[in-house]
Amino acid sequence: MIETAEWDLLLRFDQLKISQQHALAWTDFEEAPITFPPTFKFDPGTETYDTSEKQRTPSWTDRVLWLAVNEGAVTPVSYNSHPEILISDHKPVSAVFKLQILTMDPEERIKVQHEVMSELDRFANDHLPDVKILPGPAVQFDRIECYKPQEQTIEVKNVGRVIAQWSFVLKPEATNLSEPWLHITPTSGLILPGERSLVHLTIHVDNETAPSLNFSTDPDALSDLLVLSIEKKDLFLSIAAREYAPTCFANGLFRLSRLKGPIRKATKEELDEVRESGEDVGMMYSIPEVVLRMVGFLGEFGAECEDLFLVSGQKELVEVVRECLDSGDEFPKDRLLHRETSHSQTNSLEAILEDAHIAAKFISTPPDSDIGVISLSPPKLRTPPSYPFSRIRPRPHSLVNIDASDNFGIHSMADCFILFLESLPEPVITFKAYPRALRVERTEDAYRVVDSLPKLNADVLLYIVSFLRVLVSHTVDPVARAARIDRLASNWLFSLHRGGSSSGDKVLTLACKLGGRSKFEVKSHTSGWSTELVGPIKMFNTAHRFGGLIHTEAPLLYVVGDMSEGDLTNLIDALPEASRTTITDLCNVHPIDGVYTGIVKSNALPHEGGQAYEGGLYGVASRFNHSCVPNVNHHFDRERKVLVYMATRDVEADEELCSYYTFLLAPSKQRKQELEERFKFTCACEVCSSDEATISASDKRRGAIKATLEAIPTLIASPLRIILKVRQAIKDLDKERLVVGMAAFAFDAYQTAVLWGDEGSAKKWATFMVECHVRADGEDAAETKEAKRLEKASPKKDPGFGKYGKKTVGGPE
């Protein structure tokens, strides 16, 4: 068959062809028609097929196959064997093909390249975050007044296809995100596509920011530009107020003495003249008109009020008085005087002026009599004095048999006068004179302090002291008069002079390792009135309702981190003398650690919400005693930069004010041991001094509260158990008379309701959380404001709403 070239018949038995037909191998491969004899097996060096003993069957073992993607792209030209090659027992084969190939068009290539790059750019842009500010790009506030925060809300909406991370960033060469009078909450966030975040913008002009605005004639004084940044993009938001209403509050006495009339009626030229004039220009009035107006009113209508400056007025009426002082309008006696007022004191104002005139004559040669009823040094603690530190004082029990509601207008005027004095950038008794004022013991020393004051400050001080003498003169009974003097001394002490530094002083920080803080832990430390006292002194107050403001105070010194005794010495030596004196008067229960290190460890109070180990030293706040059932709580107001003390329950008159120094949920024995080790005194509060059964029951309740606190994160899959445990913990806290911590449990319950999609219960817990924060921290605390924001917001807008499903969990009831 080979000799007759019957290739088609032989190829029927070809192994490769059979495998291809049955899709066993080389499927889809093609081969040109075979027109040559089998290429295997030959005797080497010959054209003769195998003659050995095996005599193998000739076959086509040498083949050329191809696979083409496009049909017709490969055309065979020839397919041959080469029998003339004798070097092997195989005969090689060869094939020639005609192929179709692609050539490149340069112009088309560039066009396609541009299309591809455009598509890639479009894809990249579609996956970049993008947000819009609604409304924008400008926010316009109405008329702004001092002490009256005004808030507006904007929305940051994610209009892109990916998660957007946004934040307000510093402008070039800026050190703060915004002007000091503008507060932004929050300053950053993450937004899912199609979702939006609320941003609260608040303009709040206070004692810190008002001085630069009150005499400004710049129409853009209350304007700012915020920069909101996302990836590869910045958006700008303009903030402006329609106008600012200047006020006589938060101004220096010198500027006020240069005013020719009410500040809101002053012309642009008059404001510029006052702002640019130096203190060597001279005063227009020896006593600012606003002081004359308030003291004149109190002298005429309030001399017979035995509880003047001890009972608070009404906030609304205080605002009325402030408005009249700023605008120059007459005081509305129909609103301030609700009863027929005795005019037996019609000569009170003349008496005040006469007293001030006489006192001024004898400053350099002090008489034998006292300068007035107000001592310039801290009151002696022979008997516990009333201690109304705050300018807004909830009303105590009436001190006289007159319905105090009849005198609300008079008390509101008194509150306004105290507010005015506390708003002065430099107090009446200047920072420079403060250290000497603290050391006054004799009348001669007091007159020397007055003599060292600038003339304007001395005139105002003598005028006020003379007014207070007139007030006291109307109390006939000697015992009652002494008690009234004591109360007034405690009340006025922090209105006429206060520690600290002037606005130009560098803010210093001290290091103090305050130790770990837990959810309930506030380590406020003890101090004595002088370095000889080892334990804390007793602080007393007039009666307060729970949630009432007890005391506000700016830190003498900020404390942050860890520093050596040498570093502390250098820092404290750089402080004003008044601050150094007050700090060294604090007690040191760790003298072995060093003078200043021991004082810091003994007295530093933490600033909650700040960086780790941040706190401050305080002249008054550091002296509060400890109790395991405290009746006051404190928080640090970061906007005003003051520590704020609130009454956490009703406080009776002359009841000692107590904070706490240790973790209140620890057992009594552990608390006492820690206090003895850290502060060198034995706790004798009403809990720790009780019988064993009472202490045991208290420890059991506090231990259960602590266990619930630790268990809640592990119970999120069982929301009903969380709510039941939270309710019981709140009941136990109430039994223990511990307000601190209730808000934290309320927040845990609120989060549980949100995660399980229970909108109604979440709202109830948010309302309860606000109540807890108001009671523990006060209306103005940042925590309270955040709780109120949650109360107003819809729980459904929370990103975690319904994350674990939908279930009714229940409210606080």
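The legends below describe close-up views of a predicted model.

Local features in this predicted model need pLDDT of at least 70 and side-chain atom pairs count only at pLDDT 80 or more, while totals for chains, interfaces and linings use all residues. Residues are numbered from 1 along each chain as its sequence is written, and side-chain values use heavy atoms, with hydrogens and water left out.

**View 1. The protein as a whole has 24 helices and 22 strands.** Helices (H or I, at least four residues) and strands (E, at least two) are DSSP runs, numbered from the N terminus. Of the 813 residues, 47% are buried (under 20% relative accessible area; exposed is over 50% and partly exposed in between, with a 1.4 Å probe and protein chains only).

**View 2. The largest nonpolar core has 98 residues.** A nonpolar core is a set of buried Ala, Val, Leu, Ile, Met, Phe, Trp, Tyr and Cys residues joined through side-chain atoms within 4.5 Å. Leu201, Ile203, Phe309, Phe417, Phe420 and Trp492 touch the most other members. Helix H14 (residues 455-473) supplies the largest share of this core, twelve residues. Beyond its neighbours within four places in sequence, Phe417 is in contact (heavy atoms within 4.5 Å) with Val291, Met294, Val295, Leu298, Phe309, Ile464 and Trp492.

**View 3. Phe297 and Phe331 form an edge-to-face aromatic pair.** Rings of Phe, Tyr and Trp (its six-membered ring) pair if their centres lie within 6.5 Å; planes under 30 degrees apart count as stacked, over 60 as edge-to-face and the rest as tilted. Here the distance is 5.6 Å centre to centre, with 80 degrees between the planes. Phe297 lies in helix H7 (residues 289-301) and Phe331 in the loop between helix H8 (315-327) and helix H9 (333-336), 34 residues apart. Both Phe297 and Phe331 are buried.

**View 4. Trp765 and Phe768 pair within helix H23 (residues 759-777).** The two residues are three apart, about one turn of the helix. Their ring centres are 6.0 Å apart and their planes are at 80 degrees, so the pair is edge-to-face. Trp765 counts as buried because its relative accessibility is 0%; Phe768, at 18%, also counts as buried.

**View 5. Tyr147, Phe249 and Phe420 are linked into a cluster by ring pairs.** Phe420 is also one of the residues that touch the most other members of the largest nonpolar core.
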